[in-house]
Number of protein chains: 2
Amino acid sequence: MSKFPKNLLKIVEPDLAAVEKELSLVIQSPVDLVNEIGLHLVKAGGKRLRPALYLLCAHSGPSERNELIPMAVALELIHMATLVHDDVIDNASLRRGKPTANARWGNHSSVLTGDYLWAKAFSVVATTVDVRKLTILTHVICSMCEGEIIQLQESHNPDRTEDDYRLRVSQKTADFIAACCTLGALSANLSNSEIAAFQEYGYSIGMAFQITDDILDFVASSEQLGKPAGNDLRQGIVTLPIIFALRHSVDRDELRVLIKDENMSYDKVNRGLDIVLATGAIEYCYSEVQRYLETAKSVLPPHIPAGVREALVAIADYIGFRQN
Amino acid sequence: MSKFPKNLLKIVEPDLAAVEKELSLVIQSPVDLVNEIGLHLVKAGGKRLRPALYLLCAHSGPSERNELIPMAVALELIHMATLVHDDVIDNASLRRGKPTANARWGNHSSVLTGDYLWAKAFSVVATTVDVRKLTILTHVICSMCEGEIIQLQESHNPDRTEDDYRLRVSQKTADFIAACCTLGALSANLSNSEIAAFQEYGYSIGMAFQITDDILDFVASSEQLGKPAGNDLRQGIVTLPIIFALRHSVDRDELRVLIKDENMSYDKVNRGLDIVLATGAIEYCYSEVQRYLETAKSVLPPHIPAGVREALVAIADYIGFRQN
């Protein structure tokens, strides 16, 4: 799976098609290599979760049509830029089952392509979007960068708490998804309380999305993930399943030593996975995912179009069941 | 030298002091490491050429005061972001005689800090600057990224022409300096022909600035540069002195082989420097610098305040004589 099942997103299907077309257009550059990497990234696909959420929320009210596609495109470009730089930082060679940009074109071109995508994102919205929305966008990007830096700083540290984790995940993932929903609600000219509700919906599914990601690193196969399983553990990223295991496992001392190991062997990664899986970590994490998804569904404002509500509920349910 | 002699910039001195203060403020983050790296970058100084040019041009007419400092700050943040990422790409360990961010905090934190600075730059201008100026800014950043990617692609290639070089330098350096002047002229509400003149001034001193940089890599000592001399040659960056030598040196075949060498020894770098210096390359490049600077001075619009004109002429002269 790389995209959401089509029927989930029926209302915004034409918009998403326009986003896809526009993405291919805006990444075009007179420089062949920029084109090549950009096209690789667009074609590599992805769920287009962020533009889809933005568009759905924007369809909750009478939206300003001329800003919808540019904003949706900018949100995906920003997401793509973070992925390209993340893959450089993680030394990742596969994403969605395909070679990463850094694996194919090297770290240097990838850093510059990420920068190019940042600038393109702003260039797409600079002419159409109002100051309030631009401010939300720039603010959340600063916060995402901080979240990534915190993650880097906290790696290989078995003393990080569950609160540290939640703060990091909100900065790294959930706040941006919340911003997509907030921006959509603003485009739909909703009331302040409705905007806040959409923001909470976005934040909650964002948290659920990232926790699911962290679970999948333990329970999915490399084929399902399109990248090696056990990646977080190998990189010393102390995710929720690990934090749970560090509290509850009988082998917690051994796990602490493993996490501090900056050159973890294949066998040690497998041993770490076994220690975590032997606890109730996965069950606990799934219960947390469910809790966030229940919150997400419960906070949706009452007076939004039935089609939008159905789609947002379906997306929440889908996140709870996703396998990759 | 890290800054321009104070008397050059008297008119904009209070503004530049405000920029300095604001730079220290905007890079503040709740994340200690972000603060630490940001402060290191701000304190490392630099000439503040881009904000100075913007402010000087903006003082040519009745400017909108509330956007001056944010725009000047954003221009320096963008410049800082490109430097941080450039140093990662070049594996540089020294800049302005101080350890680079990547040497001190690693490539990963540096990539993320660069991203943070991009976003901060936009966040600073998003609320105060109009669409036309934002568009100029985003457009020129895309172009800078393309220029850097071209440079990467063209490295170790002795067949690059002087035209290739000029195009790359305009994208990489001169267009951004031109944009600083254009934006200043726009802030001063000048006429279209005056704006175009400032743009040409900026472009011309930008070209002169970069060619001087490329000369200094051959003639300045590492102490003067605050980074190792012969760096471009070692990295296979085919600059103007090299292009000249490839056309005119009796040892041009040997130089071609050297440029293709991706792991150049210290001795080979020195041999390459000797080959280039034995030609008239440096004299030719300095004559090009002078040509650009003459153009810069000659295109300045007639009816601008005497103080602004003097400062812009002095900056042009200064660029022709700078030693680092």
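The paragraphs below go through a predicted model, from the relation between its chains to individual side chains.

A rotation of 180 degrees, with 0.0 Å of shift along its axis, places chain B on chain A with an RMSD of 0.0 Å. That is the relation of a two-fold axis. The two copies use the same surface to meet, since 100% of the contact residues of chain B recur in chain A.

One aromatic pair sits between the two chains. Over all chains, a search of the whole structure finds three aromatic pairs. In one of them, the ring centres of F122(A) and F122(B) are 4.0 Å apart and the planes are at 5 degrees, so the pair is stacked. The pair crosses from helix α5 (residues 101-126) of chain A, which holds F122(A), to helix α5 (residues 101-126) of chain B, which holds F122(B). Are these two residues buried or exposed? F122(A) has 4% relative accessibility and counts as buried. F122(B), at 4% relative accessibility, counts as buried as well.

A further stacked pair lies within chain A: F244(A) and Y284(A), with 5.0 Å from centre to centre and 25 degrees between the planes. This pair links distant parts of the chain, because F244(A) belongs to helix α11 (residues 240-248) of chain A and Y284(A) to helix α14 (residues 281-299) of chain A, 40 residues apart. F244(A) counts as buried, at 12% relative accessibility.

In chain B, helix α3 (residues 49-58) is mostly covered, with ten of its ten residues buried. Among them are L49(B), R50(B), P51(B), Y54(B) and C57(B). What lies over the buried residues of α3(B)? The cover includes α1 (13-26), α4 (65-89), α7 (162-187), α8 (192-219) and α15 (306-321) of chain B.

R50(A) lies in helix α3 (residues 49-58) of chain A. R50(A) is buried yet has no salt bridge. The nearest side chain of opposite charge is that of E76(A), 5.6 Å away, whereas a salt bridge requires nitrogen and oxygen within 4 Å. Leaving aside residues up to four places away in sequence, R50(A) touches L75(A), H79(A), F176(A), I177(A), C180(A) and F209(A). In chain B, R50(B) lies over the face of F209(B), at 6.0 Å from the ring centre. Another arginine placed over a ring is R291(B), which lies over the face of Y292(B) at 5.1 Å from the ring centre.

Charged side chains elsewhere do form salt bridges, and the structure holds 34 of them over all chains. D130(B) and K133(B) meet in one, at 2.9 Å from N to O. In this pair D130(B) is partly exposed, with a relative accessible area of 34%, while K133(B) is buried, with a relative accessible area of 3%. E154(B) forms a salt bridge with R160(B), and their closest N and O atoms are 3.1 Å apart. Here E154(B) counts as buried at 8% relative accessibility, and R160(B) is partly exposed with a relative accessible area of 25%.

The side chains of R247(B) and E162(B) meet in a salt bridge of 3.2 Å, N to O. R247(B) lies in helix α11 (residues 240-248) of chain B and E162(B) in helix α7 of chain B, so the pair ties together parts that are 85 residues apart in sequence. R247(B) is partly exposed, with a relative accessible area of 42%, and E162(B) is buried, with a relative accessible area of 12%. In chain A, salt bridges that share partners join E162(A), R166(A), R247(A), E288(A) and R291(A) into one network.

K43(A) has its place in helix α2 (residues 32-43) of chain A. K43(A) is exposed, with a relative accessible area of 63%. From C-alpha to C-alpha, K43(A) and S24(A) are 8.6 Å apart in space, and 19 residues apart in sequence.

How values were computed. Residues numbered from 1 in each chain as written. Chains lettered and ligands numbered in written order. Predicted model: local features only at pLDDT ≥ 70, side-chain atom pairs only at ≥ 80, totals over all residues. Heavy atoms only, no water. Least-squares fit on C-alpha atoms with pLDDT ≥ 70 in both. Contact = heavy atoms within 4.5 Å. Helix = DSSP H or I, 4+ residues; strand = E, 2+ residues; numbered from the N terminus. Buried < 20%, exposed > 50% of the residue type's maximum accessible area, 1.4 Å probe, protein only. Lys, Arg positive; Asp, Glu negative; His and termini not counted. Phe/Tyr/Trp six-rings, centres within 6.5 Å; stacked < 30°, edge-to-face > 60°. Lys NZ or Arg CZ within 6 Å of the ring centre and 35° of its normal.
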